[in-house]
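Have the sequence and model open while reading.

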Amino acid sequence: MWLPLHTVCLRSPTVSGRSFVAALLKCTRRRANANVSLFSTSAGHRAQTCTALRYRKHGDPSQVVQLENVDLLPLGANNVLVKMLAAPINPSDINMIQGTYAILPDLPAVGGNEGVAQVVEVGSQVKSLKTGDWVIPKDAGLGTWRTEAVLAENDVISLPNDIPLLSAATLGVNPCTALRMLSDFEDLKPGDSVIQNAANSGVGQAVIQIAAARGINSINVVRDRPEFTQLSDRLKAIGATHVIKEEALRRPEIKELFKICPKPKLALNGVGGKSATELLRHLQLGGSMVTYGGMAKQPVTVPVSALIFKDVKVRGFWVTQWKKDHSKDERAFRVMLDELCNLIKQGKLTAPACTEVGLQDYSKALDAAMQPFTSAKQILIM
Ligand SMILES: NC(=O)c1ccc[n+]([C@@H]2O[C@H](COP(=O)([O-])OP(=O)(O)OC[C@H]3O[C@@H](n4cnc5c(N)ncnc54)[C@H](OP(=O)(O)O)[C@@H]3O)[C@@H](O)[C@H]2O)c1
């Protein structure tokens, strides 16, 4: 959790009663600790404020989000003061502000779940971080759309600061999701295939690049648009094996593609609705479809034939849950980040196509993030 004036406490209507209570207790403990540090360490520390994009009620992001001055807690012994450098606007950030996401911070809340920050001051007991380090949040719900924050040392993890800023700002969610989905559901070997919809999304672009680095063919489905050829060329330039339009999935010509490319063992669904059903139809016998997003806001329908005659596995993935499940074992997160950073350093994993926007232009950026067919992620630069 960030530990500014308003410590964020997650609530999840979907978690079980026991884990919900545990989460509440954790939040309460953190709040208590935050207060302890407020009173026990304030002597000698100058109060600081930062600028943040905060919302006080759920609703249309460009209506409810405002640029405000927010007080910072004094620096406690186990805290670090960081300067935010850049933070993306992801669909889950939008859904949190709308009040429709699975986890929602208490209000008022600062928007944003990921981003990269630089450590500018460390508390006396901080061991793992030093001034100048780049850090990203370990968990969701932290409120990254701000200029500075006082954080608990344990709420962030360091990154090498010689990777591109935009790669660092967008590393903690989408590339991690892509890597886990390509690793944890099917044993994909070089020459195997994966099919995905929303292939031009942040997750989709990471899937393309990680698959290419592993020698895995990617069949990339995007919605049709006037500039389809440019988009297709751009995705092929980062390693897409095939790029096809949604409609093509339903046409007989798709059989031609499977003469030159093995049927996929894995389908990655970020859309839902008909698009997901079409992905399922092309899976290999016994293959898996992993749903990680629902951009079409339509349920997934599984054809009976896919279950009976192909025994497909229908699975789901949520990177926030993966991070919670591995929160006691920092090594797992570190190993994943090392693998991704090595790909970045080798030029095999680039940041998604994006538009950089100053924090003060947030309203424009929020509107742009909600437009279809843009193929560019909005990144707030602090
Ligand atoms: N489960 C997890 O752990 C996890 C992790 C990361 C992301 N996600 C989810 O994955 C999804 C993509 O996230 P992102 O950050 O990669 O997105 P993004 O970069 O903002 O891209 C959004 C994508 O959604 C597509 N899209 C938007 N509306 C659509 C519709 N009505 N029908 C079909 N496609 C539509 C866009 O295609 P067009 O260009 O055609 O508009 C684009 O490909 C989101 O739902 C997000 O919440 C889940």
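Helix H6 gives the most to the shell around the ligand, with three residues. Helices here are DSSP runs of H or I with at least four residues, strands are E runs of at least two, and both are numbered from the N terminus. The model is predicted: local features need pLDDT of at least 70, side-chain atom pairs count only at pLDDT 80 or more, and totals for chains, interfaces and linings use all residues. Residues are numbered from 1 along each chain as its sequence is written.

Each helix below supplies at least two residues of the shell.

| Helix | Residues |
|---|---|
| H3 | 91-98 |
| H5 | 174-184 |
| H6 | 202-213 |

In total, 28 residues surround the ligand, each with its C-beta atom, placed from the backbone, within 6 Å of it. The closest are Ser201, Gly202, Gly293, Met295 and Val319. Domain 1 (10-170 + 353-381) and domain 2 (174-320) each provide at least three shell residues. Those bounds come from an automatic or database domain assignment.

The protein chain has 13 helices and 18 strands. Of its 382 residues, 42% count as buried, with 20 or more other C-beta atoms within 10 Å of their own, C-beta atoms being placed from the backbone.

Three strands form an open antiparallel sheet in the order E3-E2-E6. Strands E3 (65-72) and E6 (109-110) are the edges, each pairing on one side only. Pairing requires at least two DSSP bridges. Two bridges join E2 (residues 48-55) to E6. Tyr55 stands opposite Ala109 in E6.

How values were computed: A residue is buried if 20 or more other C-beta atoms lie within 10 Å of its own, exposed if 12 or fewer, and partly exposed in between; C-beta atoms are placed from the backbone.
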